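Visitor: I am new to reading protein structures. Can you walk me through one, feature by feature?
Guide: Gladly; have the picture open and ask as we go.

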Amino acid sequence: MTADVSGQAGVSMWRDPKIRAVFFQVLVIAIFLAFVFYVGNNTIENLEKRGIASGFGFLSQPAGFGIGIVVLMDYNAQTSTHTDVLFIGILNTLIVAITGIFLATILGFVFGVLRLSHNWVVNKIAATYIEIVRNIPLLVQLLFWYFAVLSVLPRVKESLYLSENFLINNRGINFPSVIPEAGFWMIWVGLLLGIVATVVVSKWAHKRQDETGQQFPTLLVSIALIIGLPVLGALIAGIPFEFDYPKLGRFNIQGGWVLEPEFLALLLGLSIYTGAFIAEIVRSGINSVSHGQTEAAHSLGIKPSFTMRLVILPQALRVIIPPLTSQYLNLTKNSSLATAIGYPEIVAIFAGTSLNQTGQAIEIIGITMLFYLTISLLISVFMNWYNKRIALVER
Amino acid sequence: MAIVKTERHPELAPPVSQTGVIGWVRENLFSSWLNSVLTVVSIYVIWQAASGIVSWAFINANFIGETKADCTGSGACWVFIKARFGQNMYGFYPEPERWRVNLGYILGAVGLFLVLSDYVKSKKWPGIFLFVIYPVLCYFLFYGGFGLEVIETSQWGGLFLTLVLASVSIFVALPLGVLLALGRRSEMPVIRMLCVGFIELVRAVPLISVLFMASVMLPLFLPEGQNFDKLVRALVGMSLFSAAYMAEVVRGGLQAIPKGQMEAANSLGLGYWKSMGLIILPQALKISIPSIVNTFIGLFKDTTLVLIIGLLDLLSIVKGGTTDKNWLGLATEGYVFVAAVFWVFCFSMSRYSIWLENKLHTGHKR
């Protein structure tokens, strides 16, 4: 319609917004394609000149370098391939990201609540933690933990003993490991049953509360179930495991499990840094719940501790969840800083060592970015689902 | 015979336990037994930590001397920082030429003051100076030309390099971010999709992988023989990365402007660019200034990541210093120094952003 009118008024075609939009978009596509073509062409030429064959064949070649921290997988420098390196990298990233998210959430919620405390001293301690940690680059903190704290711990020979089987030295923290014996599966079955029972019980308790108003100590019962059933399983199978204690050998510590300083530094750095940001998010979330809610709860005679748990926090969570999601994403992405302290996660060993050995820059960086894209997508999908579940149901 | 008191009883002073210092202490420190325990425990912890830190950093610390041998006290060895101070600040920039960097700092500070200060009413000339003349001036001042000796960027380092990285990235990222944000809200599907794709892709990956990409893959993308300097490659990576974050900040600002503003501009006969430039963007940018400053703080902290691709920024040069065989075992001093420098910059910027937020908050405050 507008085009007709403007056409009748004798305005040139160039002034028609619709035609202009089409023209601009075609132009942009053309420029974009030309850019892609130019870059692609250059890349192919450069690769040919350097004699690098593109493709994913390198993934099945033996890697030929050692990796410091390998869990749940077998790795051998001579026979393992670059695919194994990729999977070890992914696994190590996930391990540090998940434990980091867990610790950072606890730290963040604790300090976020402390920051709101009426106790002046406690309040200022929380404020100091937040303001110091937030304003120092994460990389500086990681290097500090690694080179200034964990590296200056005593050498293996002079290990610190927290207790007889709990050693701390500059190669990490050693503690007894659990060696499963026949019948160990009973414990896993117990754990699984415990989780299933918890879900069932909490659903039942929720339903009963909706119908009758009677409350049920769900939390205590769940803890009892999740801890109790595996213990029961272990007792039935006749304690199907043995402890392996770390022993000071000739040069190194034998037996037991060890948390390496690289892992510890990364975990400490990531969770303390992200924890400070989460604390601020929690504080602003709680502050966003209007004070009338607290007053209403008090006037109904609800105890202060219950007011926080049942009235304020559920409403605050709605404000907290979206920025919390981006902090979780940040933590996962920041785990790539491990390169600087030598924790073997995906960027350090795959986009680092593997890339240097094979020279397949495009493929390797592509795979690495794809991995981070997938993780980002998964975390945001999960958090969006959770956000929807706790969102305010309006009319 | 009334026994009713006719005159008003004089007002009593409020109870001592509720006013003054005692009242404050009761209210804030010892309001319940739990609070009292918390207070006592926290004060004990603070005392322990503070006395340890103070005696390490000041009382038992060593300030005087030239070499590590002069550090005889049990505390920190600040001689290490003092001896390498020039290198920490300027990298390997030749000593007789360092006045050029200092001059650049002074001019930048003056320009920034003129642009940000309330006392200067007209922002036209300060703006032109800071955003047009100053960058060109700095290029020749720092790099060389016009009779000044050329200093290769491989010799740049220390805090100087950190500041160059941060300011160039923000200088490029801000306009680029505005364009990306406009593109993301464009009604043309092709432009919108390209912008969304770029923003989301960059935001989903860590900065390190972008830097790796810039340092490893950029040479592959360009025709043979055309190769950028290492610093420029890092700058390209950092600018593109922060542009994506900046775009989201600006988009937040754009979304907060009511639709009526655009409609009013259109009905006055302003075209897209004029209504954006004169009506929408000034308002949108104004409300997003605090977030822009916050993004800049993040960017400033992220400049440390160039350590991984081998540039000698402040962190990197101090880290190198801690492995110097004449100064072994002083990692704590080194990293505490870097942390303190970054803290001062970031903390003052965050305070500035809070102050600005309050200043710009015209009305609507509960």
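Visitor: What do the buried residues of helix 4 of chain A pack against?
Guide: This is a predicted model, so keep that in mind throughout. In it, those residues pack against helix 3 (82-115) and helix 8 (261-288) of chain A. Helix 2 (33-59) of chain B joins them as a packing partner.

Visitor: Which residues of helix 4 of chain A are buried?
Guide: Burial here is a count of neighbours: 20 or more other C-beta atoms within 10 Å make a residue buried. In helix 4 of chain A, V122(A), I125(A), A126(A), I130(A) and V133(A) are buried.

Visitor: Why do the buried residues of helix 4 line one face?
Guide: Start with the general idea. An α-helix has 3.6 residues a turn, so residues three or four places apart point the same way. Now the case here. Look down the axis of helix 4 of chain A: its buried residues fall within an arc of 125°, so they line one face of the helix.

Visitor: How many residues does helix 4 have, and how far does it reach?
Guide: Helix 4 of chain A covers residues 120-134, which is 15 residues. From first C-alpha to last it reaches 21 Å, close to the 21 Å expected at 1.5 Å a residue.

Visitor: Now the strands. What is the order of the strands in the open sheet?
Guide: Four strands of chain A form it, in the order 1-2-3-8, and the pairing is antiparallel. Strand 1 (160-163) and strand 8 (257-259) are the edges, each pairing on one side only. On average, neighbouring strands of this sheet are turned by 20° against each other, direction ignored.

Visitor: How many bridges join strand 1 to strand 2 of chain A?
Guide: Three, and the two strands run antiparallel. Strand 2 spans residues 166-169. For one facing pair, find Y161(A): it stands opposite L167(A) in strand 2.

Visitor: How many residues of chain A and chain B are in contact?
Guide: A contact means C-beta atoms within 7 Å. By that test, 46 residues of chain A are in contact with 45 residues of chain B. On chain B, helix 14 (331-360) is among the helices that each supply at least two residues. Helix 14 of chain B gives the largest share of that side, 10 residues.

Visitor: Last one. What is the radius of gyration of chain A?
Guide: The idea is to compare it with a compact globule. One of 395 residues would have a value near 21 Å, but chain A has 28 Å. Along its principal axes, the C-alpha trace of chain A spans about 90 × 70 × 45 Å.

Key. Residues are numbered from 1 along each chain as its sequence is written. Chains are lettered from A and ligands numbered from 1 in the order in which they are written. This is a predicted model: local features need pLDDT of at least 70, side-chain atom pairs count only at pLDDT 80 or more; totals for chains, interfaces and linings use all residues. The radius of gyration is taken over C-alpha atoms; the globule rule is 2.2 Å times the number of residues to the power 0.38. The expected span of a helix is 1.5 Å times one less than its number of residues. A residue is buried if 20 or more other C-beta atoms lie within 10 Å of its own, exposed if 12 or fewer, and partly exposed in between; C-beta atoms are placed from the backbone. The arc is that of the directions from the helix axis to the C-beta atoms. Two residues are in contact if their C-beta atoms, placed from the backbone, lie within 7 Å. Two strands pair if DSSP finds at least two bridges between them. Axes are lines fitted to C-alpha atoms, for helices over the stretch in contact, and angles run from 0 to 180 degrees between N-to-C directions.
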